[in-house]
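Colleague: Before we discuss this model, could you set each value against its definition as we go?

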Amino acid sequence: MNRPLDLFASLVAGTLFGFGLSYATMIRPEVVISFLTFDDLGLLFVLGAATGINMLVFQWLPRLRRQPLLGGAFEARPFSVDKRSLTGGALFGVGWGICGVCPGPALAGLGAGNTDLLIALAGIFAGALLHGLLEDRRNATTTAQLQS
Amino acid sequence: MVDSLFPNGIAPYLTGGILIGLGVALLYVVTGRQGGASTFFSSSWSWLLNTPFFRQPSLRGSRQWRLVYAAGFVLGGLIYLGLGLPQAPSHMPAWKLALGGVLIGYGARLGGGCTSGHGICGMASLNRGSMLIVLTFMTTAIITAWVMKALGVGA
């Protein structure tokens with residue numbers, strides 16, 4: 001795969017995503033919270049349009065083409081749900097409901113000048129760090145139990 | 001009825017959603033990758049930490065493009081600002097952003113994704129697990145927002 005082209009495409013894709021989040025006003029936590037309290041259901045159109053487009057692309061493109069433009073393979077998103085991931089999803093929702101921020105909009109909103117979101121970004125980084133460290137502890141415990 | 005459910009109209013939401021969708025689609029068409037946002041927050045730690053979790057190939061191998069992809073998010077916001085498009089300042093108390101942020105970061109990673117990973121990519125892949133996670137976080141988020149509103153600490 002052509003590395004510079006790959007990174008350029010990633011940058012353009014991220015830019016479109018970030019601009020779209022800004023245009024959809026989803027970078028304002030207040031807008032997300034007013035969606036969750038049913039005061040403005042507009043975000044349904046954000047999710048619907050974004051998911052709808054990609055449902056077509058993800059489902060059809062691999063049938064039309066063998067490979068992505070830069071070669072390699074169309075990647076699946078390996079995910080099977082279990083009790084732990086459901087707990088994670090539930091906690092994510094509680095956090096989302098408290099502050100109205102998602103990972104993507106936090107980044108785009110920062111670019112659009114909402115520097116308050118730096119606090120949320122620091123929190124998200126801290127949460128991701130905590131998750132990684134706890135995974136290690138959990139795996140170490142499991143290994144120790146298997147060995148004993 | 002329509003006015004009360006959509007006081008700000010639907011045009012900005014629909015346009016924004018289409019642009020977001022095109023971004024995710026572009027990444028898939030060109031590289032074959034499904035671009036969620038939250039893994040970036042784990043893969044970035046792999047630049048600094050050498051613990052087993054952050055050493056895993058899926059994070060180290062993707063950290064470069066994820067960093068560039070995330071930089072694109074910021075750039076997209078910057079372009080929006082540069083074009084002088086409407087952006088009202090938000091007034092969210094710091095404690096909410098901090099507490100919410102930690103829960104979002106931890107929860108999204110334990111849950112295997114966020115609103116873009118499960119919400120857009122997972123559902124577009126027709127992954128049932130992702131749909132279940134989306135249903136879960138939508139439910140807890142709505143309950144939390146209503147509780148916060150009832151307590152008088154909502155937005």
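**Values and definitions**

Modeller: Leu110(A) lies in helix α5 of chain A, where a helix is a DSSP run of H or I with at least four residues, and a strand a run of E with at least two, numbered from the N terminus. This is a predicted model, in which local features need pLDDT of at least 70, side-chain atom pairs count only at pLDDT 80 or more, and totals for chains, interfaces and linings use all residues. Residues are numbered from 1 along each chain as its sequence is written, chains are lettered from A and ligands numbered from 1 in the order in which they are written, and side-chain values use heavy atoms, with hydrogens and water left out.

Colleague: What makes Leu110(A) partly exposed?

Modeller: Buried means under 20% relative accessible area and exposed over 50%, with partly exposed in between (1.4 Å probe, protein chains only). The relative accessible area of Leu110(A) is 23%, so Leu110(A) is called partly exposed.

Colleague: Which residues does Leu110(A) touch, not counting residues up to four places away in sequence?

Modeller: With contact meaning heavy atoms within 4.5 Å, Leu110(A) touches Thr115(A), Leu117(A), Leu118(A) and Leu121(A). Leu110(A) and Ile27(A), which are 83 residues apart in sequence, are 8.4 Å apart in space, C-alpha to C-alpha.

Colleague: How do you know that the span of helix α7 of chain B agrees with its number of residues?

Modeller: The expected span is 1.5 Å times one less than the number of residues. For the 17 residues of α7(B), residues 94–110, this gives 24 Å, and the end C-alpha atoms are 24 Å apart, so the two agree.

Colleague: How does the radius of gyration of chain A stand against that of a compact globule?

Modeller: The radius is taken over C-alpha atoms, and the globule rule is 2.2 Å times the number of residues to the power 0.38. A compact globule of 148 residues would have a radius near 15 Å, whereas chain A has 19 Å. The C-alpha trace of chain A spans about 55 × 45 × 30 Å along its principal axes, and chain A has six helices and zero strands.
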